[in-house]
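Colleague: Could you walk me through how the strands of this model are put together?

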Amino acid sequence: MINAYTVIGQPIAHSLSPMIHTLFGDLTQRRISYTRTEGTPETFAEQVLQWQASGGRGCNITAPFKEQAVGVCTHLALSAERAESVNTIHMHADGRLVGHSTDGAGMLQDIEHNIRFRVAGRRVLMLGAGGAARGVLGPLLDAQPAAIHIANRTVARAEGIIEAFKDDPAATLPISASSYEALAEEQAFDLIVNATSLSLAGSLPTLPEGLFASEALAYDMMYSRHDTVFMGWAREQGAVVSDGFGMLVEQAAEAFLVWEGVRPKTRMAWPRLFELLNSK
Ligand code: ATR
């Protein structure tokens with residue numbers, strides 16, 4: 001039997017998920033199929049249910065449906081509750097639709113295991129306070145940094161995230177919020193994560209100089225073949241930089257684990273993925 005998966009988003013034509021999961025299937029010797037589904041806000045819920053009715057074992061959810069997907073699931077894993085979003089739905093044989101959010105675990109796996117940057121005890125700055133930032137905050141807290149500061153154009157939104165996490169068991173460390181301008185008052189950071197949607201537009205908020213501590217890591221959650229504006233800016237200031245390619249691969253591996261019960265050895269997938277990407 002072939003387990004069928006799809007990724008639903010809008011737009012979806014350029015999603016790399018089919019390529020990644022097909023490779024994972026080969027690496028783990030699982031028989032899977034994986035397609036792309038163009039969603040619309042009006043039909044999204046119905047599309048998920050149709051996929052289930054057609055025998056699908058699960059689906060990935062990408063922009064702009066990750067928040068909407070919460071309401072479609074019958075059950076939520078802790079990861080999805082904390083993120084208030086779902087990027088992976090596991091369709092169980094008994095009809096349950098269990099929502100998971102694997103973005104945060106994927107990002108932490110990339111930062112700690114691929115890049116080998118230990119988050120524990122470090123000062124972390126998150127740029128942005130939208131769905132992407134919220135989605136990774138739980139696993140970031142679990143990694144026990146010394147402090148997390150969230151900077152956003154709309155400060156109230158950053159404060160809202162802090163409020164939502166105030167009863168989280170991992171939220172024993174200091175979390176603070178400010179505007180971008182007020183970052184000039186903060187001590188330097190060891191890890192700066194760009195969770196704004198500005199890289200897509202080839203832009204970056206105006207940020208003060210001197211934000212990076214020595215040997216700091218600048219991590220853009222967006223996948224890009226070339227340096228994003230954020231990465232270029234960080235590189236000029238001596239930071240180690242990374243785009244979100246590793247996060248893309250690792251969040252997919254976490255989803256594959258949810259569905260198939262085995263985590264692909266992602267290191268073995270990287271060379272082939274780079275080769276496939278460069279041939280596109
Ligand atoms: P996502 O799901 O990708 O996080 P989102 O929830 O719309 O998308 O959040 C987008 C993030 O990028 C927010 O932090 C947003 O700042 P605001 O909360 O102030 O809107 C940030 N962002 C988008 N456009 C921006 C701009 N032109 N200048 C500064 N920040 C911007």
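Modeller: Happy to! This is a predicted model, where local features need pLDDT of at least 70, side-chain atom pairs count only at pLDDT 80 or more, and totals for chains, interfaces and linings use all residues. Residues are numbered from 1 along each chain as its sequence is written, and side-chain values use heavy atoms, leaving out hydrogens and water.

Colleague: Over how many bridges do β10 and β11 pair?

Modeller: Strands here are DSSP runs (E, at least two residues), numbered from the N terminus, as are helices (H or I, at least four). Two strands pair if DSSP finds at least two bridges between them. Strand β10 covers residues 189-194 and β11 covers 212-220, and their parallel pairing runs over five bridges.

Colleague: Which residue in β11 is the bridge partner of I192?

Modeller: The pairing of β10 with β11 is parallel. In β11, the partner of I192 is A218.

Colleague: Which strands does helix α4 touch?

Modeller: Helix α4, residues 103-114, packs on the sheet, and its direction makes about 140 degrees with that of β11. Axes are lines fitted to C-alpha atoms, for helices over the stretch in contact, with angles from 0 to 180 degrees between N-to-C directions. Contact means heavy atoms within 4.5 Å. The strands touched by α4 are β10, β11 and β12.

Colleague: What is the order of the strands in the open sheet?

Modeller: The sheet has six strands with parallel pairing. Its edge strands, each pairing on one side only, are β9 (175-178) and β12 (240-242). The order is β9-β8-β7-β10-β11-β12.
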